[in-house]
Amino acid sequence: MAVLRRLWQTAHTAAQRLPWLRDWPEHVRRGAAQGLVGGLALLLILSALLGAWNRGLLGLVVGALSGGLLGGVLGLAVGWLIAQTRAPALPPRATIRITLDTANARYSPGEPLNGYVQLDAENTFHTTGLRVFVACHGSYGHHAATNTGEDGPELVRESRQYLLQEDELLPPSVVHRTSCATYPFHFTIPADALPTHHGHLCALRWTIHAALEFDKGEPLQAQQEFFVESMPPMLSSARDRYQREITHTDCHLTLTLPDVIFAEGEAVEARAHISPLETFSIREVRAVLLRIENTPLGENETIYIDRWDPDLGRFQGHRQPGGQGTTYVWLEDEAILTKPDVVELRHPVIENIKLDIPAQWRPTMRTHDGQVVWKLGVIVARDDDEDVRAFHEVVVHTGAAELTQMLDPERTHVRETIADLPVE
């Protein structure tokens, strides 16, 4: 019996390795192999005995060959049918991965978005299809009053879907075990596409999804974010320098910028000119670069962020009533231009400003659901009187820094002209 058992196991293992059996699901492959070996052995022996009884040695050989062939075919069919009806189907085991044709996943509006989905199957299963989606979703937060007696209002988030495109890569079919296939996809980013924005109140994300679906159970999914750049607006070649002037009882403050369009990672350059109308004292002159997020819903209040940790997503700030909806003011960079001093009549203070724009995918953005603007400001702080403030909006984009120069050839000339102004 031990010898027969070993022979059975050896034949059964060898049958499961046949090329036309190994790609079937495991339970079907096992049942078909058992039917094949059992039917072949049974009819081979019976046909050999009947052939030898009728025709002698020649009948034994012919009967064994024909009986074995017929038994193998019948046993294979019976084993396959029994395995299909009785044994439960194994859950699909596979992995899918999305690969884009651009290594850094940066795209400009109007550019093609190409890539492929790679499917690696570990067993054989039936799929109802493989689909790929391109989506643009927005997330907007606003403060809402709570009835729980807590100190502050609750931050409520709402989602918006701005774009959804779909393509079918694989129709309903059988995916065979150990198969590895790639399915290319082709999309075009709209020319008026909203830019990627990783803000706190306002966020816009572009993602591509792949879904391998089945008759039952949850689909197998993969997702990857890609980045859509914001383009700098076209500038008029003939224009004056950008200025903001504020007149107070005892001084005149002028903020001058050579240009107002910058790419993330660049430095905002400007000049502050304080003309005293009478002698007065100052505590400090400070330059600030602010990013202001606003959504139209909320309690009409403004949150000024004092300190924040971008890695942990935690921040500290103080709340003030005012504004429309919910507004967050983030201090992105600052510089102290002067220390405490007394400014005398006919002795103006002129200071150069240079503040850095962080590269965090937070460009200037405007939608019906929220907006993000950047402002450069100069604050003249005094102990015995109110501060004097001058702010000018700047446009921040996420395209290449060279694009601004291409769209505004006079930009460098104007900057050098302001830099060469005498400091009195």
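Select F280 to begin: at 6% relative accessibility, this residue counts as buried, where buried means under 20% relative accessible area, exposed over 50%, and partly exposed in between, with a 1.4 Å probe and protein chains only. F280 is found in strand β16 (residues 280-282); helices (H or I, at least four residues) and strands (E, at least two) are DSSP runs, numbered from the N terminus. Leaving aside neighbours within four places in sequence, F280 is in contact with D250, C251, I274, D341, V342, V343 and R382, contact meaning heavy atoms within 4.5 Å.

The model is predicted, so local features need pLDDT of at least 70 and side-chain atom pairs count only at pLDDT 80 or more, while totals for chains, interfaces and linings use all residues. Residues are numbered from 1 along each chain as its sequence is written, and side-chain values use heavy atoms, with hydrogens and water left out.

**The whole chain**

Display the entire protein chain next. It contains five helices and 25 strands. Of its 424 residues, 42% count as buried. Among contacts between residues at least 6 apart in sequence, 72% join residues at least 24 apart. The chain exposes about 23200 Å², of which carbon and sulfur atoms supply 54%; accessible areas come from the Shrake-Rupley method with a 1.4 Å probe, and for residues only the protein chains shown count as cover.

**The nonpolar cores**

Select F185, F226, L257, I353, L376 and V394. Of the 75 residues in the largest nonpolar core, these touch the most other members. Strand β10 (residues 202-213) gives the most to this core, with six residues. A nonpolar core is a set of buried Ala, Val, Leu, Ile, Met, Phe, Trp, Tyr and Cys residues joined through side-chain atoms within 4.5 Å. In soluble globular proteins, nonpolar side chains tend to be buried together.

Centre the view on I353. Not counting residues up to four places away in sequence, I353 touches L255, V268, E269, A270, R271, A272, A287, L337, L376 and V378.

**The largest pocket**

Which residues lie nearest the centre of the largest pocket? Select L290, Y304, V329, R389 and F391, which hold that place among the 27 lining residues. The volume of this pocket is about 590 Å³. On a 1 Å grid over the protein atoms alone, a pocket is an open set of points where a 1.4 Å probe fits, with protein on both sides within 12 Å along at least five of seven lines, and lining residues have an atom within 4 Å of a point. Grid points are joined across faces, edges and corners, and a volume is the space filled by probe spheres set on the points.

Next, colour the strands β17 (284-295), β18 (301-309), β19 (314-321), β20 (326-338), β24 (370-381) and β25 (388-397), each of which supplies at least two residues of the lining. The largest share, six residues, comes from β17. By class, the lining has twelve nonpolar, eight polar and seven charged residues; Ala, Val, Leu, Ile, Met, Phe, Trp, Tyr, Cys and Pro count as nonpolar, Asp, Glu, Lys and Arg as charged, and the others, Gly among them, as polar.

**Two positive phi values**

Move to N300, in the loop between β17 and β18. Its phi is near 55 degrees, a positive value in a residue other than glycine. Most residues other than glycine have a negative phi. N300 counts as partly exposed, at 42% relative accessibility. Then select A105, in the loop between β1 and β2 (106-107), where phi is near 60 degrees. Is A105 buried or exposed? At 6% relative accessibility, A105 counts as buried.

I96 sits in strand β1 (residues 94-100) and is buried, with a relative accessible area of 11%. Its C-alpha atom is separated by 7.8 Å from that of A210, 114 residues apart along the chain.

Finish at G129 in strand β5 (residues 129-144). G129 is buried, with a relative accessible area of 1%. Beyond four places in sequence, G129 touches L170, P171, P172, A211, L212 and E213. The C-alpha atoms of G129 and L212 are separated by 6.0 Å, although the two residues are 83 apart along the chain.
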